[in-house]
Amino acid sequence: MLNSIYTQLKHKLLHLLEQFIPAQCLICQLASDNKLICKDCKSSLLQQRTCCQHCGLSLPVSQHFCGDCIQQQHYFTKLHALASYTTPYSSLIKELKYGKKLIIAEALGELLSLSILENLNAQQIKSIEYLIAVPLHHKKLRQRGFNQAALIAEAVAKQLSIPVLKDAIQRHKETLPQENLSINKRKKNLHGAFHIHDNVHLQNKHIAIIDDVVTTGATINSLCQSLLKAGVASITVFCISRTDTA
Ligand SMILES: [Zn+2]
Ligand SMILES: [Zn+2]
């Protein structure tokens with residue numbers, strides 16, 4: 001308990017200190033006018049990508065939907081990813097998660113917000129009542145000291161003025177990394193992984209889930225299923241990166 005309070009305090013302090021470091025672009029390291037990412041890097045990072053209109057998987061220009069979305073229904077209305085899981089995003093996310101450079105969450109959250117504003121219409125954005133970060137299992141949270149998705153959600157909330165609903169969901173099963181498992185094992189791995197605590201705030205609400213990386217979509221789909229069972233009206237998913245292979 002004390003250990004986890006200490007870790008959390010340490011991260012908060014580091015985060016605070018980072019704010020006073022002279023402004024330098026996180027990508028090109030050049031001076032950046034008090035901004036986390038300079039103008040040039042921002043415009044090159046925000047370039048449009050061609051992807052599945054439903055699940056955000058990278059696709060050639062000629063295709064609107066991926067094979068997966070044509071064949072089966074997802075539980076979310078739309079997934080919007082800022083980018084594919086390629087550089088510099090893959091390294092930024094690793095630096096955030098494992099290098100504990102928390103300021104990156106703020107920069108990524110800001111970029112994601114700009115990309116949401118460019119890709120969704122005002123009505124779609126206005127209809128979202130809560131943002132919910134994909135929770136980490138409490139053991140992992142204790143180990144890492146922070147949930148990167150929650151930090152990104154806070155940054156998006158600030159930019160889009162949508163409140164974050166905290167502690168509504170608990171991840172009460174430590175799931176194995178999905179990528180090395182067969183489809184059946186993936187489903188079993190995620191079965192009952194999430195527990196919804198706060199049905200009251202979720203009833204008939206339109207919500208958006210925030211995650212850093214979406215790989216197969218299986219985790220998101222499992223979470224969406226639990227949320228819909230709890231009475232949520234619709235779910236949009238926002239993430240920083242969508243990996244290119246389903
Ligand atoms: Zn730059
Ligand atoms: Zn798709």
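**Helix 11 and the zinc site**

Helix 11, which covers residues 218-229, comprises 12 residues and reaches 17 Å from its first C-alpha to its last, close to the 16 Å expected at 1.5 Å a residue. The structure is a predicted model, and the zinc ion (ligand 1) in it is coordinated by Cys25, Cys38 and two further cysteines, Cys28 and Cys41.

**Helix 11**
- The buried residues of this helix are Thr219, Ile220, Asn221, Ser222, Leu223, Cys224, Ser226 and Leu227.
- Just after helix 11, the backbone at Gly231 adopts a positive phi of about 105°.

**Zinc site**
- Each of the four donors to the zinc ion (ligand 1) is an SG atom, contributed by Cys25, Cys28, Cys38 and Cys41, at 2.3 Å.
- Because the four donor atoms subtend angles of 104 to 114° around the zinc ion (ligand 1), the arrangement is tetrahedral.
- Along the sequence, the donor residues of this ion follow the spacing C-x2-C-x9-C-x2-C.
- Cys25 and Cys38 link distant parts of the chain, being 13 residues apart, and both lie in the loop between helix 1 (2-18) and helix 2 (39-45).

Definitions and conventions:
Residues are numbered from 1 along each chain as its sequence is written. Chains are lettered from A and ligands numbered from 1 in the order in which they are written. This is a predicted model: local features need pLDDT of at least 70, side-chain atom pairs count only at pLDDT 80 or more; totals for chains, interfaces and linings use all residues. Side-chain values use heavy atoms; hydrogens and water are left out. Donors are N, O and S atoms within 2.8 Å of the metal (3.2 Å for Na, K and Ca); water is not among the atoms, so sites may look incomplete. Four donors count as tetrahedral if all angles lie between 85 and 135 degrees; four count as square planar and six as octahedral if opposite donors are over 155 degrees apart and all others between 65 and 115; anything else is irregular. Helices (H or I, at least four residues) and strands (E, at least two) are DSSP runs, numbered from the N terminus. The expected span of a helix is 1.5 Å times one less than its number of residues. Buried means under 20% relative accessible area, exposed over 50%, partly exposed in between (1.4 Å probe, protein chains only).
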